[in-house]
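Visitor: Could you take me through one part of this model up close, strand by strand? I'd like to hear what sits next to what.

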Amino acid sequence: MVLDVEAGDILPAKEAIEIMDQVDLGPNIDVPPIPKEAFSENIPEDEKEFYRNEIKRLKEERNALVLSHNYVPSDIQELSDVVGDSLFLAQQGADSDADYLIEATVLFMNQMLAALKKPHQTVLAPDLGALCSLAAHADVSKIKKWKEQHTNGVVISYVNTYLEVKAESDFCCASANAGKVTLHVLKNTNPEQPILFLPDVFLGFYAAKLLESEGHSLDRLHLMMGACHVHERIRPHHVMEQQNSYPNAITVVHPECGCTSACMRQVNEGVVPEDLLQFRSTQGMIKLVSEVPQNEVIVATEVGNLHPMSKAVPEKTLIPASKEALCSYMKQNTLKNLYECLRDLKYEINVDAELAKRARIPIERMLEIV
Ligand code: SF4
């Protein structure tokens, strides 16, 4: 059956959940090749040493703070002052007194940092080709159209969106609090008000299941059919194959994954005990791995997150659910362009002041809830 639904369309939640595994949720923007320098073993030691020394020297000279996401190459994470998820980086950058905030992430994160920074701070990105397939699915014209059709509607947008989308939103959420924010909106708005969750349909599904588990109907909820191509391609068979190979392992799944619904079913149907299959955000995975007794952990997310996880628990065996789960956009950040960014003070990220002001409102509302 050919479905007349494309990535980025907005559907009532029940309908979206029913068809989410049948819709082509692939990227609608180019996915660049991963540069070979994204892998530490491909850079000669003397070159690495040069970049390390120069980056440290320039950081001090410029009064710069280097912030990086858990998915960028490990060499960059090692040289960063702050490593974490998008919201954490934006908060840490804005809280600092650094003059330059060098953020090795992707554009929507650079924009969020630029919207939250202090007036004297300058945000720089090492590579402007670092985009995001999930953020690209959130077409602002579709959101405006939904708002016209649902004049009392409430929009919750995942932080993985551009500023234009945040500016059209009432609340933001992160992967760690998607369920909590959605529940808050459901409880604190008029029962007649429709709610739109965007852009990630798998995270929306995860939030929807939490609402249902608390006895709420999904009638008011609409979901956007968006996805991150990296997480979406982590399918149930990837997880199950690793579970068969490592029967004593705990599995931890990022709820953006294409295996989310199948993994929830495994738990609900008692195929896997709840304490052996957990859902966590990027940061939440690092905390979980330190707390659980299991020595083997199957990790369903972008492979870069295994670097900070293995630093937290060097003695444990971390098994990627899929070794192919690599974000080409994040890997555009390399030691070379980080060095050039600090040396030449490029590329500056500027955002429209009025747009930034509007985008801060849903972020602040989220922070009041969590
Ligand atoms: S991992 Fe997915 S959501 Fe994150 S930046 Fe890459 S494409 Fe976007």
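Guide: Let's start with Leu196, which stands opposite His222 in strand S9 (residues 221-224). Strands here are DSSP runs of E with at least two residues, helices are runs of H or I with at least four, and both are numbered from the N terminus. Bear in mind that this is a predicted model: local features need pLDDT of at least 70, side-chain atom pairs count only at pLDDT 80 or more, and totals for chains, interfaces and linings use all residues. Residues are numbered from 1 along each chain as its sequence is written.

S8 and S9 pair in the parallel sense, over three bridges; to count as a pair, two strands need at least two DSSP bridges between them. Then there's strand S6 (residues 154-158), which runs parallel to S8 and is joined to it by four bridges. On that side, Val155 has Leu196 as its bridge partner in S8.

Now the side chains. In a regular strand they alternate between the two faces of the sheet. In S8 (residues 195-198), Ile195 and Phe197 point one way, Leu196 and Leu198 the other, and all are buried. Buried means 20 or more other C-beta atoms within 10 Å of a residue's own, against 12 or fewer for exposed and partly exposed in between, with C-beta atoms placed from the backbone.
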